[in-house]
Amino acid sequence: MGQRIFTSARCEFMSAQKAALVAPGPVPLPEAVRLAMAGQLIHHRTPAFEAIMREVGQGLGWLYQTQQDVLVLTGSGSTGMEAALVNFARSDAPVVCVGGGKFALRWAEVARAYGVEVVLLEVPWGQAASPEALGELLEAHPNTAAVTITANETSTGVHHPIEALCAVVRERSEALLLVDGITAVGVQDLGMDALGIDALVTGSQKVYAVPPGLAFVGVSERAWSRLGDLPRYGLDLARERARQCDGQTAFSPAISLIFGLQAALRLLREEGLEALWGRHARCAQATRAGVAALGLELFSAAPCNAVTAVRVPDGLDGVALATRCLELGAVIAGGQSHLKGKILRIGHLGSHRRADVIHALSTLELALESMGHPVAFGKGVGAALARFSAS
Ligand SMILES: Cc1ncc(COP(=O)(O)O)c(C=O)c1O
């Protein structure tokens, strides 16, 4: 029975040649973003491009809730992290990295690649970081140049207590505060200025719903006055700032992606910050209700509103389950590093809406059933709809 459903659904998917993107990025592109990117190029050393960059800069400032510059870099989100690190860390002082997942540890990998000493705050994957433990570590390392925090850890679905973590850094240290907001800015209220963040990083394929390829780094005045001594060239943010003040970029930018970004930011502004955060919260709550109704367990002890990480039921191979979902028409992400095969990650980011949640859950139901896991069809979907209806 399960096999029959699987085969016919697979045929359907194969003919469509595409599966819905319900992973935590990249996400489906709104039509306005696609159309904006489809047009003829303009040259970037022109007033027309400068006008776009100025509009985009204002839009990014709005999303970041900051009066500071938010720079646009060509590269993925990790490029933004590397830029923040290489400009604001130092060769003669440690960086404290708050751990707890693959992306949190990326900060440490970048720092080590530049020869910077790393002091790691160990956090079990799936748990939220403790502000008290961070405060103690900072007191033990008073010469820390920078602290790195990942607001929402996409590899585990954890929401760290970002306000309390930022507050402890501000209160107990002089270190610069570098935050990966790649799956947090736009998902929840995360005001760069209000939290005293010195460098806040995001990437185009998440909340913005633009293809991968642009990174954004908001930088505080404090950080500009404390540029570090690490060698850099392509990621020299001071050079970028000097050009971006005039609507330019230091090097040839990803022009088409910036067209898409302009359209994306207009859509986000039309929706409004509170509505955007509310939509993410509703999709996350409905997803959590759906997986719970299917008898599945969340991986995260403190789930975030960007991605729901679900434990794969005992006896099932998580890699095969993610592949089955793909064959059935939904890209649901698997686990990373030691969590490979053990969890699935359903995204609710940027362009995701109720229909995406329902699609992800119904595909999961079919996939589980086709692999022999008992499923009462519609239970997960029904619980999600009930949650939407209640909100
Ligand atoms: C929280 C977080 N940080 C960093 C990254 C890395 O971004 P990219 O793959 O764009 O380099 C991701 C990507 O999923 C992420 O979710």
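Biologist: What distance separates the centres of domain 1 and domain 2, taken over C-alpha atoms?

Modeller: The model is a predicted one. Its protein chain is divided into domain 1, residues 2–26 + 273–390, and domain 2, residues 31–270. Taken over C-alpha atoms, the centres of these two domains are separated by 28 Å.

Biologist: How many residues of domain 2 are in contact with domain 1, and which classes make up the side of domain 1 that touches domain 2?

Modeller: On the side of domain 1, 24 residues are in contact with 26 residues of domain 2. Helix H11 and strand E11 (307–311) each supply at least two residues of that side of domain 1. By class, the side of domain 1 that touches domain 2 has 14 nonpolar, nine polar and one charged residues.

Biologist: Which residues does leucine 178 touch, not counting residues up to four places away in sequence?

Modeller: With residues up to four places away in sequence left out, leucine 178 touches Ala84, Leu85, Phe88, Ala146, Val147, Thr148, Asp198 and Ala199.

Biologist: At what angle do the axes of helix H11 and helix H14 cross, and what is the handedness of the crossing?

Modeller: Helix H11 spans residues 273–293 and helix H14 residues 379–390. Their axes come within 7 Å and cross at roughly 145 degrees. The crossing of H11 and H14 is right-handed.

Biologist: How do the residues of the contact of H11 with H14 divide by class?

Modeller: On the H11 side, the contact includes Arg282, Gln285 and Ala286. On the H14 side, the residues include Lys379, Arg387 and Phe388. The residues of this contact divide into nine nonpolar, five polar and three charged.

Biologist: How far apart in space are alanine 275 and lysine 18, C-alpha to C-alpha?

Modeller: In sequence, alanine 275 and lysine 18 are 257 residues apart. In space, their separation, C-alpha to C-alpha, is 30 Å.

Note on methods:
Residues are numbered from 1 along each chain as its sequence is written. This is a predicted model: local features need pLDDT of at least 70, side-chain atom pairs count only at pLDDT 80 or more; totals for chains, interfaces and linings use all residues. Two residues are in contact if their C-beta atoms, placed from the backbone, lie within 7 Å. Axes are lines fitted to C-alpha atoms, for helices over the stretch in contact, and angles run from 0 to 180 degrees between N-to-C directions. Helices (H or I, at least four residues) and strands (E, at least two) are DSSP runs, numbered from the N terminus. A crossing is left-handed if the near helix is turned anticlockwise from the far one by less than a right angle, and right-handed if clockwise. Ala, Val, Leu, Ile, Met, Phe, Trp, Tyr, Cys and Pro count as nonpolar, Asp, Glu, Lys and Arg as charged, and the others, Gly among them, as polar. Domain bounds come from an automatic or database domain assignment.
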